[in-house]
Amino acid sequence: MPEYEIAEIERLMDGKLPWPRVQEIMKGAKDSDRFDKWVEVLQGRVEWPEKILLPLTSELFIVQKDGERVVKCRCGQEFGDYRVNWKLQSLIHTRDTEEELQEIYQGTEQPDPTWVQIREYYCPGCGSQLEVEGVPRGTPPDFEFLPDLDTFYREWLGRPLPDEKEFADKTPDVIKEWSA
Ligand SMILES: [Zn+2]
């Protein structure tokens, strides 16, 4: 099993490794601790102390915090339990008129605003654009990635996380509270 220096993994992540070297790494067997090195690099680039359990996007991470697992932005903004769609805690800009869609699409590419809307999700802490989705009007925000963290750590990494949690989408519970 090859072993790579963390500095080399970091350069790989940043696209700074020469292409011939990238090809060598791609063709070779994966190092067994690639995930840990990847997370170590990411952890070194954030200013907060909570341990990263899994990156969700380039800006968002699931972290361990006081026995809970919460979604946290690179800037420190928190979005709550990772089993609830973080989009509910974000700032949402919806494009659903012809004029607003024209800023993105041109000519025949433009979707019909009576059917489709574009939703842009922003972090309330730093204003980063976190996600964009084009969906039929009225559909709930797409919950793109709900990882089974306990199975991943237990079965794949061979080191179970402390205090296992029920693996379930908790988003409907929150929406129910809002409408109560
Ligand atoms: Zn942020």
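The legends below describe several views of a predicted protein model.

Residues are numbered from 1 along each chain as its sequence is written. Because the model is predicted, local features need pLDDT of at least 70 and side-chain atom pairs count only at pLDDT 80 or more, while totals for chains, interfaces and linings use all residues.

Figure 1. The protein has 6 helices and 7 strands. Helices (H or I, at least four residues) and strands (E, at least two) are DSSP runs, numbered from the N terminus. Read from the N terminus, the elements follow the order α-α-α-β-β-β-β-β-α-β-β-α-α. Along the principal axes, the C-alpha atoms fill a box of roughly 55 × 45 × 30 Å. The protein has 180 residues, of which 14% count as buried; a residue is buried if 20 or more other C-beta atoms lie within 10 Å of its own, exposed if 12 or fewer, and partly exposed in between, with C-beta atoms placed from the backbone.

**Figure 2. The two domains.** Domain 1 covers residues 1-45 and domain 2 covers residues 89-136. These bounds come from an automatic or database domain assignment. Taken over C-alpha atoms, the centres of domain 1 and domain 2 are 35 Å apart.

**Figure 3. Helices α1 and α3.** Helix α1 (residues 6-13) packs on helix α3 (residues 34-43) at an angle of about 75 degrees, and their axes lie 10 Å apart. Axes are lines fitted to C-alpha atoms, for helices over the stretch in contact, and angles run from 0 to 180 degrees between N-to-C directions. The two helices, α1 and α3, are therefore roughly perpendicular to each other (angles under 35 degrees count as roughly parallel, over 145 as roughly antiparallel, 65 to 115 as roughly perpendicular and the rest as oblique). From α1, Ile6, Ile9, Glu10 and Met13 meet Lys37, Trp38, Glu40 and Val41 of α3.

**Figure 4. The sheet of four strands.** An open sheet holds 4 strands in the order β1-β2-β3-β4, with antiparallel pairing. Two strands pair if DSSP finds at least two bridges between them. At the edges stand β1 (51-55) and β4, each with a single partner strand, so one side of each has no neighbour in the sheet. From one strand to the next, the twist averages 30 degrees.

Figure 5. Strand β3 (residues 68-73) and strand β4 (residues 78-81) run antiparallel and are joined by 3 bridges. Val70 stands opposite Asp81, and Lys72 stands opposite Glu78. Between the strands are 4 residues, and Gly76 in this hairpin takes a positive phi near 110 degrees.

**Figure 6. The largest nonpolar core.** This core has 12 residues, among them Leu56, Phe61, Val71, Phe79, Trp86 and Leu130. A nonpolar core is a set of buried Ala, Val, Leu, Ile, Met, Phe, Trp, Tyr and Cys residues joined through C-beta atoms within 7 Å. Strands β2 (60-65) and β3 each supply at least two residues of the core, and β2 gives the most, with 4 residues. Beyond its neighbours within four places in sequence, Leu130 is in contact with residues including Thr57, Leu60 and Cys123 (contact means that the C-beta atoms of two residues, placed from the backbone, lie within 7 Å).

**Figure 7. The sheet of three strands.** The 3 strands of this open sheet have the order β5-β6-β7 and pair antiparallel. Strands β5 (91-95) and β7 (129-136) stand at the edges with a single partner strand each, so one side of each is left without a neighbour in the sheet. The twist averages 20 degrees from one strand to the next. Strand β6 (residues 116-122) is joined to β7 by 7 bridges, and Val116 stands opposite Pro136 in β7.
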